[in-house]
Amino acid sequence: MHISMNTLMLAIKAIERDIKRHEEIAQSETLNDEDSDYYGQYTLDLTQALSELGSLYEIARENHPECPTLDELTKPS
């Protein structure tokens, strides 16, 4: 299966946005403990997915050096 660099970059950026969003939700003082745990765990799951996609991105980038490095791609704007 082939995944384009553009798709990998978009997925990485989308997961980063979701991580930030779920971290904020997990910190909300209006959540009960169960919901806070859920959002915290979901954030960890997203972080794992980001790590896996980042590894795939770096491998794919070997054939596409014109693409930004993972650090450049994930640098806060």
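**Packing of helix 1 against helix 2**

In this predicted model, the axes of helix 1 and helix 2 come within 9 Å and cross at roughly 160°. Since angles over 145 degrees count as roughly antiparallel, helix 1 is therefore described as roughly antiparallel to helix 2. The crossing in which helix 1 passes helix 2 is left-handed. When the residues that form the contact of helix 1 with helix 2 are sorted by class, 18 are nonpolar, six are polar and four are charged. Two packed helices are described in general by the angle between their axes and by the distance between the axes.

The largest nonpolar core of the model has 13 residues, and the members that touch the most other members are Met5, Leu8, Met9, Ile12, Ile15 and Tyr57. Two or more residues are given to this core by helix 1, which spans residues 5-26, and by helix 2. The largest share comes from helix 1, which supplies six residues. In soluble globular proteins, nonpolar side chains tend to be buried together. Isoleucine 12, one of the core members named above, touches Leu50, Leu53, Gly54, Tyr57, Leu70, Leu73 and Thr74 when residues up to four places away in sequence are not counted.

Glutamate 16 is also a residue of helix 1. With a relative accessible area of 12%, glutamate 16 is buried, because the value falls under the 20% cut-off.

On helix 2, which covers residues 33-61, attention may be given to threonine 43. The relative accessibility of threonine 43 is 7%, and this residue therefore counts as buried, again because the limit is 20%. Apart from its neighbours within four places in sequence, threonine 43 is in contact with Ile19, His22 and Glu23.

Notes:
Residues numbered from 1 in each chain as written. Predicted model: local features only at pLDDT ≥ 70, side-chain atom pairs only at ≥ 80, totals over all residues. Heavy atoms only, no water. Helix = DSSP H or I, 4+ residues; strand = E, 2+ residues; numbered from the N terminus. Buried < 20%, exposed > 50% of the residue type's maximum accessible area, 1.4 Å probe, protein only. Contact = heavy atoms within 4.5 Å. Core = buried A, V, L, I, M, F, W, Y, C linked by side-chain atoms within 4.5 Å. Axes fitted to C-alpha atoms, helices over the stretch in contact; angles between N-to-C directions. Parallel < 35°, antiparallel > 145°, perpendicular 65-115°, else oblique. Left-handed = near helix turned anticlockwise from the far one by under 90°. Nonpolar A, V, L, I, M, F, W, Y, C, P; charged D, E, K, R; others polar.
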